[in-house]
Amino acid sequence: MSVDARRVRERAVLLMEQRRKANSSSLKKSGVDEVYGEKEILLDEILDLANDEEEKKKDDKSKAIKEEVLCKDIRKRALDNLTPSKSDENLKKMPKKSASVMSFLKEKV
């Protein structure tokens, strides 16, 4: 019998599923003290680590979604600030040199 990564992974998944089922059935029993062997203890530790990893992935995903929403909001506000307004157009028409002030005033009158 050859051992490769695929078989090891499939066997580990099978053992973890069996342990989950055993845990759920033992929770239904009341007042029963069970004796756990080394195999069950190790599988419980592996299940705890797997559950922690799943929770971490969910947290990371929710953080990424929140960050994306925040970034979109920041970009939208930045674009809103960049759009020209009526007062900006009037400022562009204002003269930049003191010599042209007179010509500007003549145009206005």
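The legends below accompany an overall view and several close-ups of a predicted model.

**Figure 1. Overall view of the predicted protein, an arrangement of 4 helices and 0 strands.** From the N terminus on, the elements follow the order α-α-α-α. The protein has 109 residues, of which 6% count as buried. Its accessible surface comes to about 10400 Å², and carbon and sulfur atoms account for 57% of that area. The mean pLDDT of the protein is 83, with 82% of the residues at 70 or more. Confidence is highest in helix α2 (residues 38-82), where the mean is 93. Helix α3 (residues 86-93) has the lowest confidence, with a mean of 59.

**Figure 2. Helix α1 and its buried residues.** Helix α1 covers residues 5-28. The helix has 24 residues and spans 35 Å from its first C-alpha to its last. This span is close to the 34 Å expected at 1.5 Å a residue. Leu15, Met16, Arg19 and Ser26 are the buried residues of α1. Helix α2 is included in what covers these buried residues.

Figure 3. Apart from its neighbours within four places in sequence, Arg19 is in contact with Tyr36, Glu40, Leu43, Asp44 and Leu47. One of these residues, Asp44, is also its salt-bridge partner.

**Figure 4. The salt bridge between Arg19 and Asp44.** The closest N and O atoms of Arg19 and Asp44 are 3.0 Å apart. This pair links distant parts of the chain, with Arg19 in helix α1 and Asp44 in helix α2, 25 residues apart. The two residues can be read by their accessibility: Arg19 counts as buried at 8%, whereas Asp44 counts as partly exposed at 22%. The value for Asp44 is not under 20%, so Asp44 does not count as buried.

Figure 5. Asn23 is partly exposed, at 22% relative accessibility. Asn23 and Glu40 are separated by 17 residues in sequence, and their C-alpha atoms are 9.8 Å apart in space.

**Figure 6. The salt bridge between Arg6 and Glu10 within helix α1.** The closest N and O atoms of Arg6 and Glu10 lie 3.1 Å apart. Both residues belong to helix α1 and are 4 residues apart, about one turn of the helix. Arg6 has a relative accessibility of 55% and so counts as exposed, the cut-off being over 50%. Glu10 is partly exposed, with a relative accessible area of 43%.

**Figure 7. The salt bridge between Arg75 and Glu68.** Here the closest N and O atoms are 3.5 Å apart. Arg75 is partly exposed, at a relative accessible area of 45%. Glu68 counts as partly exposed too, at 38% relative accessibility. The count for the model comes to 5 salt bridges, among them Arg75 with Glu68, Arg6 with Glu10 and Arg19 with Asp44.

**Figure 8. A nonpolar surface patch that includes Met1.** Met1, Val3 and Val8 make up this patch, which has an area of about 400 Å². Met1 is found in the segment before α1. Its relative accessible area is 93%, so Met1 is exposed.

Conventions: Residues are numbered from 1 along each chain as its sequence is written. This is a predicted model: local features need pLDDT of at least 70, side-chain atom pairs count only at pLDDT 80 or more; totals for chains, interfaces and linings use all residues. Side-chain values use heavy atoms; hydrogens and water are left out. pLDDT is the predictor's confidence in each residue, from 0 to 100. Helices (H or I, at least four residues) and strands (E, at least two) are DSSP runs, numbered from the N terminus. Contact means heavy atoms within 4.5 Å. Buried means under 20% relative accessible area, exposed over 50%, partly exposed in between (1.4 Å probe, protein chains only). Accessible areas come from the Shrake-Rupley method with a 1.4 Å probe; for residues, only the protein chains shown count as cover. Patches are made of residues with over 30% relative accessible area and no salt bridge: like charges are joined within 9 Å, nonpolar side chains (Val, Leu, Ile, Met, Phe, Trp, Tyr) within 5 Å. A salt bridge is a side-chain nitrogen of Lys or Arg within 4 Å of a carboxyl oxygen of Asp or Glu. The expected span of a helix is 1.5 Å times one less than its number of residues.
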